[in-house]
Amino acid sequence: MSVSPKTKRERSKNTYLQRSLLLDWVGAFGAEDIGIDLGTSNAVIYVKNKGLVFPEAAVVAKNENTKKIFAYGVRAGEMEGRLPKGLQLIRPLKTSAIIDYNSAAYLMNALINQSYLKGIFFHPRLLMCVPVGISKVQRRALLEAAVAVGARKTVLIDQPIAAVMGLGLKLDRMQGVLSVVNSHFSTESGMLMDEAIMNVILEKYHIRIGRKAAETLKMALGVEWDLNRDTRICEVCGISTITELPVKIAVTGEIVAQALNPILYRIFSGITSVIQMTPPAILGDIREHGIVLIGGVAQLKGLKELVLKVTDMKAHVADHPSYVNAVGAGSALEYMDYFRDSLQDLH
């Protein structure tokens, strides 16, 4: 006897609901609610009643022959540029979207196990921050990774909402908040900035530098050149493409700004477009309170001054900007019982 697709879906949904009820009962004996901000460069975990724990690099190290992952997080990140042939570093996420499912599932499982001492039963409830505008395929990949770590319930929360909660702003106040009223999804990231700096150094000096060296230049020099034209330098080491020997070079702020400006132009275009779509009454609130910058890129020297220059609105960097989304996810855990389980979308 054949079974219709609709009947199959209903049976699958009923099976899922029964499983969820069982896991809720079992998980209540030995699990925590966990908030996750899983980004391209870093992953930050927030455990309810414990706070932030173990911020880690979102990277794993894998043996290319056996396909076995042997390191993750900071330990794997420290191997960048030093791995012998046959071993590789993998960043399983790009612009907060999973591009390597197995590595992402391994990383999530390792981080969660590290952040919470596993009991006899361990089926956590997860609240994950996601960018506004990611596709259904990308959302599904995140949910499947949550299933792989044994989550009994998973909630996906938009990063702007998490950021508002992480900043401690009150949602019940009639006050405009730029990222809530309107939003713009950008694929620009600190990782792309590092790659841009690496490419410019290779073009200008015929020297290959690693990502960490590029990050050093980015954080030391930022974009202050665009503001005051001061001649500032930072020294880094690399490999000459001509002699294949190690060399040390002094890089100016002008060169770094040259690498970053195309990316910043796209970022500022996004900010401008959001402001243009925002109602005048809300813009008054933003002009009064200013634009809050979060994330790793927010720490770029000269960025807040450039935001003021471009938007004519003051800007300031949030305290601990890299952790704002995770703190917001932690605050949202208080409402976990009321959120819809996103895992239902898999059935």
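Here is a quick briefing on how this chain is put together, from the overall make-up down to one residue.

This is a predicted model, where local features need pLDDT of at least 70 and side-chain atom pairs count only at pLDDT 80 or more, while totals for chains, interfaces and linings use all residues. Residues are numbered from 1 along each chain as its sequence is written, and side-chain values use heavy atoms, with hydrogens and water left out.

**The chain as a whole**

- You're looking at 13 helices and 15 strands; helices (H or I, at least four residues) and strands (E, at least two) are DSSP runs, numbered from the N terminus.
- Of the chain's 347 residues, 46% count as buried, where buried means under 20% relative accessible area, exposed over 50% and partly exposed in between (1.4 Å probe, protein chains only).
- Take the contacts (heavy atoms within 4.5 Å) between residues at least 6 apart in sequence: 68% of them join residues at least 24 apart.

**Helix 7 against helix 10**

- The axes of helix 7 (residues 190-205) and helix 10 (residues 253-277) come within 8 Å and cross at roughly 140 degrees.
- Those axes are lines fitted to C-alpha atoms, for helices over the stretch in contact, and angles run from 0 to 180 degrees between N-to-C directions.
- Helix 7 and helix 10 are therefore oblique to each other; under 35 degrees counts as roughly parallel, over 145 as roughly antiparallel, 65 to 115 as roughly perpendicular and the rest as oblique.
- On the helix 7 side, the contact residues include L192, M193, A196 and I197, and on the helix 10 side they include I255, V256, Q258 and A259.
- Sorted by type, the residues of this contact come out as 14 nonpolar, 1 polar and 1 charged (Ala, Val, Leu, Ile, Met, Phe, Trp, Tyr, Cys and Pro count as nonpolar, Asp, Glu, Lys and Arg as charged, and the others, Gly among them, as polar).

- Strand 4 (residues 60-63) pairs with strand 5 in the antiparallel sense over 3 bridges, and A61 stands opposite A71 in strand 5.

**Zooming in on N325**

- N325 sits in helix 13 (residues 324-332) and is buried, with a relative accessible area of 11%.
- Setting aside neighbours within four places in sequence, N325 is in contact with D37, C129, Q159, A162, A163 and I294.

Key: Pairing = 2+ DSSP bridges.
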